[in-house]
Amino acid sequence: MELFVVGTSQSVAPTRVRERMHVDLDEVYATLGSLLTERGVVEEAIPLATCGRLELYCVAREPERALKVLVRLLGRRTGVPSDELRTHIYALKGQTAVRHLFRVASGLDSVVHGEAQILGQVRAAAHHPLSMTSKGPVLHRMFEMALATGKKVRTETDIGRGAASLASASLRMVERDMGSLARVRALVIGAGETGALMARLLGKAGVASLVVANRTEDTAREVARPLGGAGAGLDRLPELLHDADLVVGAVTAGEWLVTAEMIQDLDRSLSEQPMRFLDLAHPRNFDPALSDIPGVQLFDLDHVFERVEAARAARAAQVPRAEAIVREQAEVYSRWFRSRDSVEVLKAVRRQVLDLARSEAERFGQGRSDEEKEQMRLLARSLARTLLHQPTLALRDADPDSPEGRFMLEAAPALFGVDADREDTSESN
């Protein structure tokens, strides 16, 4: 079996392309159910979806075949032509895939180096309720080690010190264009993780008024009330837009929530009261045509990525140490992954030899007293374990990636007459 990841992110695809590749996680898991159980394309899988990336980590016996199937399914689901799709996705295998996930969890593959939100997003992917049926021991250990690596990088380096989240970086970008927010009337659309974070940042920045709009009005109120703001339902959006100077989009939706026609129909002078729109949603919440309206300025994730690129230099000195930690931890994981063959062969050999020893002790113990039978069992087991000592050391240390180690692991089952793939249902000896 081999590990691989296939995906797209802000590093290879702009927002307009990424949102075309957007797939609901429930749909991903529904498709995985078929690939895992019916077709045997993949053995394990965990999707990771954030505003900047969509990735699928997999274990497969035939990775090349699995990759072709997954890319074909993505193209069919999203309608993106194959040639365009291949331009905006990447596929990484083996150690490279492991190191990639560890870099992601450490914030090294984020637009803002060291940003803290990504670690929570990796944790959410690893512990997603539906992942319980799609992941196995390989990906479970990989994601848990990725989380540990992310924590280690933040503990042992200063890469996260002063690192902005994407939301705070976005707000700073808007502040540079708008100046003081003291007179700004802010409207945040969405009360999820990003929307709630933006609401808190705007409240801290001292905006003149704050309204949070959400599909569920009670949730909007829960977010807005501690900040001195108001909550509202999305059905009041046209009315709320009329009184807003800054509108933030952070809702997962399949259509524009704010169109150019909605803004043109507002009964207000945009020359006297300009409007800024900050679109942090994926797919986007705001019609790109908004930017063509005089008095309206539209920022989306691509604008944010461009603006914060220069800020990476401030934490660049911490990157080498962080990358070294990632390499070290990825190698630890890869040694474990490679050792799985050794472990299975070793378990099978030990099981076979101890089973034979027990059988022989029982055969020669027929007709003898219980005490003599027990002594024979103890002697047979002791002798078997003594004979197993040297083969155990050799198999345990065998490197499946070296010719010598691979030869030993392939020869051992034949030499001892064992089936390494047979499930061990016997009791411990």
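Which residues line the largest cavity? The views below start there.

View 1. The model is predicted: local features need pLDDT of at least 70, side-chain atom pairs count only at pLDDT 80 or more, and totals for chains, interfaces and linings use all residues. Residues are numbered from 1 along each chain as its sequence is written, and side-chain values use heavy atoms, with hydrogens and water left out. Thr 8, Arg 18, Met 21, His 22, Cys 51, Gly 52, Arg 53, Leu 54 and His 282 line the largest cavity. A cavity is a set of points on a 1 Å grid over the protein atoms alone where a 1.4 Å probe fits but cannot get out, and lining residues have an atom within 4 Å of a point. The whole structure has one cavity of 30 Å³ or more, and the space in the largest is about 40 Å³. Volume here is the space filled by probe spheres set on the points, which are joined across faces, edges and corners. Three lining residues are nonpolar, four are polar and two are charged (nonpolar: Ala, Val, Leu, Ile, Met, Phe, Trp, Tyr, Cys and Pro; charged: Asp, Glu, Lys and Arg; polar: the others, Gly among them).

**View 2. The cis bond at Pro 283.** His 282, one of the cavity-lining residues, is joined to Pro 283 by a cis peptide bond, with omega near 0°. Pro 283 sits in the loop between β9 (275–279) and β10 (296–299) (strands are DSSP runs of E, at least two residues, and helices runs of H or I, at least four, numbered from the N terminus).

**View 3. Ser 291 in the loop between β9 and β10.** Ser 291 belongs to the loop between β9 and β10. Ser 291 counts as partly exposed because its relative accessibility is 43% (buried is under 20%, exposed over 50%, partly exposed in between, with a 1.4 Å probe and protein chains only). Beyond four places in sequence, Ser 291 contacts Val 296 and Leu 298, a contact being heavy atoms within 4.5 Å.

**View 4. Met 142 in the largest nonpolar core.** This core has 34 residues, and those touching the most other members are Leu 3, Tyr 57, Phe 102, Val 122, Met 142, Phe 143 and Tyr 333. A nonpolar core consists of buried Ala, Val, Leu, Ile, Met, Phe, Trp, Tyr and Cys residues joined through side-chain atoms within 4.5 Å. Helix α7 gives the largest share, eight residues. Leaving aside neighbours within four places in sequence, Met 142 contacts Leu 3, Tyr 57, Ala 97, Val 98, Leu 101, Phe 102 and Tyr 333.

How values were computed
On a 1 Å grid over the protein atoms alone, a cavity is a set of points where a 1.4 Å probe fits but cannot get out, and a pocket is an open set with protein on both sides within 12 Å along at least five of seven lines; lining residues have an atom within 4 Å of a point.
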